[in-house]
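Work through the exercises below with the sequence and the coordinates open. Each task is followed by a solution in steps.

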Amino acid sequence: MPARKLTRKKSDQPTRTARRAVSAPRFTRVTKSLKLSVPPDCEASVILKLVGHDERRYYAWWLLVGRYDQETMTASYRFTGEDTVRCDIPTGMPLSAATLQPYLARFLKGEHNQEDDAPVIIKGKPK
Amino acid sequence: MTTSGWNVLVYAIGRTAEDHKRVTDAIAQMHEATTERCHIAVQLHGHGRTTRYWSCKPRKLEAETLPVPANAAEPSSLTSFLNTAHRRLPTAPVALVLWAHSSGLDHLHDYPRKQAPHRPGLDSVFGAHDPGGLGGAPGLDDVFGGAAASHAMPMGFGGGGGGGGIAPWREAPGRRTRMPAERYGCRWGPDPNTGEFLTNVGMKKAIAGSSRRRVEVLGLNACWMASLEIEYELRGVSDVQIASQVSAQPWPYRAIVEAIAAAPALTTEQLARAIVASVHDEITAGTRHDAISALSSGAAMDQLAAAFDRYARRAMALIESDWESVSKAVMKDAQRVDDPYQVDLMSLVRELGKDDVKAKIAAAAVETHFHAMRLAHTASTTHPNVHGLSLFCPKTTHVDLTDAYRGTEFRTNTWAQFLQAFQIRLPRTPGDQAS
């Protein structure tokens with residue numbers, strides 16, 4: 001069978017401007033008390049804490065601080081031992097449970113613990 | 001006990017391709033490292049098949065697939081593996097390791113919603129709604145009925161919630177679900193084919209039902225298994241238990257087998273220490289960040305539980321006489337262990353009742369017994385203040401305490417009543433009712 005020649009039809013659409021990709025949220029595990037402050041390339045930093053589990057794992061919004069330009073908020077967080085994760089949210093990324101959940105699930109899976117790989121739910125506001 | 005070699009039995013689950021590969025890699029490494037005085041048997045539960053591996057030097061590694069996949073969550077599957085290993089391997093003391101995922105106690109969920117007997121319709125026939133998940137806490141009235149604010153009438157444990165105005169949906173006429181006894185306790189698994197979990201009650205039954213009836217070393221390579229409730233349940237079927245209080249990582253199986261190969265006459269306690277030391281080496285090297293402890297079982301565990309029962313009795317009294325300090329100790333000061341429902345036992349007894357002389361005396365007895373039975377312990381610096389054993393201690397107002405402890409031997413400990421009284425005393429927020 002002869003190889004089929006592929007031809008691309010010339011588009012009559014004007015060239016689209018590529019949307020600037022928003023970088024992914026950065027997760028780090030919290031293992032001690034800290035002062036939460038937003039990095040320069042981020043709009044907000046969040047502490048998510050494991051508050052319950054059954055067939056799923058439930059994280060709650062625990063602390064959220066923001067940044068606008070050079071002005072940033074700093075808040076103290078006292079670590080009490082529960083599974084706690086810090087998330088730095090880059091500028092342009094919506095601050096919602098739905099947005100963060102898949103990233104959080106991927107981060108937890110990457111830790112290779114012998115923990116039940118239950119689905120992750122971020123509870124409560126902001127939605 | 002002095003030995004002339006060991007049989008290392010690993011009962012593992014490889015639910016994902018990654019998990020499966022991790023286990024098969026460990027098998028290859030163990031086979032490479034072993035000698036004629038350390039025999040290894042592994043039962044690996046994968047999707048659609050169960051494979052047994054036998055490593056008895058100088059023979060080659062043998063693998064056999066069972067004709068029908070075994071359900072890892074069934075105690076009989078573990079018993080069958082143990083019996084086959086006991087028959088097939090030379091007589092020697094046994095170190096059994098259960099390697100899979102886990103998430104602490106099973107049956108953790110919110111209180112079921114209260115029935116509405118006066119409401120016409122299907123609910124009055126079949127009971128009220130299904131229990132909400134932890135994601136949706138029932139309101140105050142759902143949990144405690146109208147008497148919630150009175151802090152009265154705690155439920156009895158193991159008795160199905162009588163007396164508290166709570167009517168679990170599963171106990172409504174026509175809806176009662178009878179669970180086999182082994183389906184209570186911890187949550188180890190799940191089996192890749194059935195999705196079911198093996199609990200510590202099931203483990204106990206499986207080991208007790210095997211031809212040797214017990215093992216020398218019982219290792220639980222899974223998250224959050226080093227808890228008083230779990231190890232108390234298993235105290236009669238093992239001399240030593242090794243487990244992790246926190247989110248656990250796979251053990252260095254090669255190093256463990258190398259330790260036995262280097263000194264086959266290791267005693268039970270020496271082997272337990274060697275396993276903890278192998279994990280400690282990796283923590284020191286920065287390649288892992290979990291924690292592990294080895295504790296004596298049997299009478300030592302009974303003594304610890306009895307001392308803790310006396311301590312819990314005093315702590316109960318403090319709920320009425322010094323609620324502020326009790327609340328602060330449980331909610332803020334005692335060290336949590338990754339799991340929001342568990343607290344480090346030593347941290348708790350040092351914080352709860354620290355201003356009360358009677359509680360301090362009772363706490364000192366708990367500490368004495370605990371340190372006498374703790375053979376070895378190590379923890380990453382990312383887990384500060386963990387000492388080797390955890391305890392169920394939820395901070396929330398809506399976790400169903402009755403069902404969490406149901407079916408376990410520990411439910412009769414006074415700590416169960418403490419939790420009940422503590423939970424009733426916790427203030428309710430508007431959010432409890434709204435969510």
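**Exercise 1. State what percentage of the residues of chain B count as buried, and describe the make-up of the chain.**

Solution. The model is predicted. Step 1: a residue is buried if 20 or more other C-beta atoms lie within 10 Å of its own. Step 2: chain B has 435 residues, and 54% of them count as buried. Step 3: the secondary structure of chain B comprises 15 helices and 14 strands. Step 4: take the contacts in chain B with a separation of 6 or more; 73% of them are between residues 24 or more positions apart.

**Exercise 2. Describe the side of chain B that touches chain A.**

Solution. Step 1: count both sides of the interface. Chain B has 25 residues in contact with 20 residues of chain A. Step 2: assign strands. At least two residues each come from β6 (101-105) and β11 (336-337) of chain B. Of these, β6(B) gives the most, with 3 residues.

**Exercise 3. Which residues of α1(A) are buried, and why do they lie on the same side of the helix?**

Solution. Step 1: check the helix. In chain A, α1 (residues 97-109) has 13 residues and reaches 18 Å from its first C-alpha to its last, close to the 18 Å expected at 1.5 Å a residue. Step 2: list the buried residues of α1(A), which are A:Leu100, A:Leu104 and A:Leu108. Step 3: these three lie on the same side of α1(A) because they cover an arc of only 70° around the axis. Step 4: turn to the face away from the buried side, where α1(A) carries the exposed residues A:Ala98, A:Pro102 and A:Arg106. Step 5: identify what covers the buried residues of α1(A). The cover includes β1 (26-29), β3 (42-53), β4 (57-68), β7 (84-90) and β8 (120-123) of chain A.

Key:
Residues are numbered from 1 along each chain as its sequence is written. Chains are lettered from A and ligands numbered from 1 in the order in which they are written. This is a predicted model: local features need pLDDT of at least 70, side-chain atom pairs count only at pLDDT 80 or more; totals for chains, interfaces and linings use all residues. Two residues are in contact if their C-beta atoms, placed from the backbone, lie within 7 Å. Helices (H or I, at least four residues) and strands (E, at least two) are DSSP runs, numbered from the N terminus. A residue is buried if 20 or more other C-beta atoms lie within 10 Å of its own, exposed if 12 or fewer, and partly exposed in between; C-beta atoms are placed from the backbone. The expected span of a helix is 1.5 Å times one less than its number of residues. The arc is that of the directions from the helix axis to the C-beta atoms.
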